[in-house]
Amino acid sequence: MIISIASGKGGTGKTTVATNLASAIDEEVQLLDCDVEEPNAHLFLNPDIRDRETFFVPVPEIDKAKCTYCKKCAEICRFNAIAVFNQTIMTFPELCHSCGGCMAVCPENAVFETGREVGVVERGETGSIDFTHGRLRVGEAMSPPLIHKVRSFIRKDILNIIDAPPGTSCPVISAMKGVDFVLLVTEPTPFGLHDLKLAVEAVKKLGLPRGLVINRSDIGDQQVESYARAENLSILMEIPFDRRIAEVYSRGELIVNEMPEWKGKFLELYQNITEMAG
Amino acid sequence: MKIAITSKGETLDSEVDPRFGRAGHILIVDTETLRYEVLDNSTNVNAFKGAGIQAASMISEKGVEILMTGYCGPNAFKTLEVAGIKVVNDVSGSVRSAVEQMQGKNVRFADGANADGHW
């Protein structure tokens, strides 16, 4: 099974829920931190990193001896990553989305594939948790290819928990598409609600079973609750705005280890998800 | 000499469009005769990315030697450099006044982009 933990708004507690859920479960689980622009699950899990693999995306290079400057490659590129003018051809690898269209349309076979380094995938383990995360190179704009690479390490035989990036655009979709359950984490504030609505719409479009965790549940207002009721979105857990939880988090520790009563709550959350995912 | 000036409209009295890649129009003006050609830049206005790159390719194919505009981003500047087109940034007012500046050689050529790239 694959559970994706998403939020819409950033800083609502995705990583807190993901790392504590993974640690609460006694059987073997894998945590995949797909927030590749700023992965932080490792700060709470402290995995032993055993493998490190540089990740490249395919980008075009031009064989200028073969190129006739016909512009077919530039015309098919929706991202304007190739410019052709006056017997000159230029490529802009950082704009390329690696679709391969330029290679497919070139009548002279003058476009060939080369790799551009965009990040690294690191794998390791801690206790019964298998750990995988990606780190996107600073300054890179496109994270989905690296997210897909991190997801390629999903193990079908065990539970996989994906810590998704915030937002509702391509990176989040890459971290949610095709999973068995999406657990949304929000806070009961107007900002939390606004972005939760966007996230729920995205999850609905993907047609995935979903549930909600309300973090810092005793601050803010009741609007998230009324929204969840109206949307038939089950509230599977509420985490209060508790100084002890904040302290545990700030030390980079896990709630389920430092406040044992939470282990049962996270196991119950897992139980509910398993039933809802069917 | 042929120069390109980004423009909000289609005449010499139109206001200079501060954007290069996503300018509404680009006027190709002959500085001796003041005859000009209007390039419709609407394809680039709606581009996902790389508008400046394609606008630069387009004016290069028109045989332009100098571009006058408001802001020029890094990829556009790189393309213009390869195309051998000199850039005058921070231009405002009417297209006609820009041409007059050029005729009076009252311009300073940019040595780099003056805007950040967009993602």
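In this predicted model, Glu61(B) and Lys71(A) form a salt bridge through their side chains, with an N to O distance of 2.5 Å. The count of salt bridges between chain B and chain A is 1. Two elements of chain B, α2 (51-61) and α3 (74-83), each give two or more residues to the side that touches chain A. The largest share of that side comes from α2(B), with 6 residues. By class, the side of chain B that touches chain A holds 7 nonpolar, 6 polar and 3 charged residues.

The totals for the interface are as follows.

| Quantity between chain B and chain A | Value |
|---|---|
| Residues of chain B in contact | 16 residues |
| Residues of chain A in contact | 17 residues |
| Buried area | about 1500 Å² |
| Share of buried area from carbon and sulfur atoms | 61% |
| Polar contacts (both residues at pLDDT 80 or more) | 6 residue pairs |

Chain A contains an open sheet of 9 strands with mixed pairing, in the order β3-β6-β7-β2-β8-β1-β9-β10-β11. Because β3 (48-62) and β11 (235-239) of chain A each have a single partner strand, they stand at the edges, and one side of each is left without a neighbour in the sheet. Neighbouring strands of this sheet are turned against each other by 20 degrees on average, direction ignored.

Helix α11 (residues 261-277) of chain A lies across β1 (2-6), β8 (159-163), β9 (181-186), β10 (210-215) and β11 of chain A. The helix α11(A) runs at about 160 degrees to β11(A).

Notes:
Residues numbered from 1 in each chain as written. Chains lettered and ligands numbered in written order. Predicted model: local features only at pLDDT ≥ 70, side-chain atom pairs only at ≥ 80, totals over all residues. Heavy atoms only, no water. Contact = heavy atoms within 4.5 Å. Buried area = accessible area lost by both parts, 1.4 Å probe. Salt bridge = Lys/Arg side-chain N within 4 Å of Asp/Glu carboxyl O. Polar contact = N/O pair within 3.5 Å; in protein donor to acceptor, adjacent residues only side chain to side chain. Helix = DSSP H or I, 4+ residues; strand = E, 2+ residues; numbered from the N terminus. Nonpolar A, V, L, I, M, F, W, Y, C, P; charged D, E, K, R; others polar. Pairing = 2+ DSSP bridges. Axes fitted to C-alpha atoms, helices over the stretch in contact; angles between N-to-C directions.
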